[in-house]
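Please look at the sequence and the model below before reading on. The text then goes through a few strands and residues in turn.

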Amino acid sequence: MNRRRKFLLASVLALQNSSFIYPSCQKCFSRIILVSKRSKCPKCGCTGESGNANYRYKLSLKVAESNKLFVITVFGSCLDTFFGITASGLHRILKATLNKVQMPVTSYSNALTTKEKPDH
């Protein structure tokens, strides 16, 4: 991993990945594996309860500066200000919202098939 830091004034062309938050290890900040009710970090071996997982931002962007294209990745809490909320807070909101709006496909298709047809 390149640890050099440079200031870059560029235009964002695209998101490289739509998954911009990830469950992270509390010790080393690596992505953890969530299995059932447990979590495990493959890098340092730290374990815990999956319900207590912290989330971090990982925003990968394709950007243009002058006539050059770059793919940059920004990690961590520096993005809290950009999003206006921590990654863990955003994860809780997204999870609650998705639970409210998801309707099983079978329920939707059953609603369509049981709907009365208008008489002609």
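Predicted model: local features only at pLDDT ≥ 70, side-chain atom pairs only at ≥ 80, totals over all residues.

Residues are numbered from 1 along each chain as its sequence is written, and side-chain values use heavy atoms, with hydrogens and water left out.

Strand β2 covers residues 21-24; strands (E, at least two residues) are DSSP runs, numbered from the N terminus. In a regular strand, side chains alternate between the two faces of the sheet. On one side of β2 lie Ile21 and Pro23, on the other Tyr22 and Ser24, and all are buried (under 20% relative accessible area, 1.4 Å probe, protein chains only). β2 runs antiparallel to strand β6 (residues 54-65), and four bridges join them; two strands pair if DSSP finds at least two bridges between them. Arginine 56 in β6 is the bridge partner of tyrosine 22.

β6 also contains serine 60. Serine 60 is buried because its relative accessible area is 11%. Its contacts (heavy atoms within 4.5 Å), not counting residues up to four places away in sequence, are Ala14, Leu15, Gln16, Asn17, Ile72 and Thr73. With threonine 73, serine 60 makes a side-chain to side-chain polar contact at 3.2 Å; such a contact is a pair of N or O atoms within 3.5 Å, and within protein one must be able to donate a hydrogen and the other to accept it, while residues adjacent in sequence count only if both atoms are side-chain atoms.

Serine 39 belongs to strand β4 (residues 38-40). Serine 39 is buried, with a relative accessible area of 10%. Beyond four places in sequence, serine 39 touches residues including Ile32, Leu34, Cys46 and Glu49.

Note on methods
Buried < 20%, exposed > 50% of the residue type's maximum accessible area, 1.4 Å probe, protein only.
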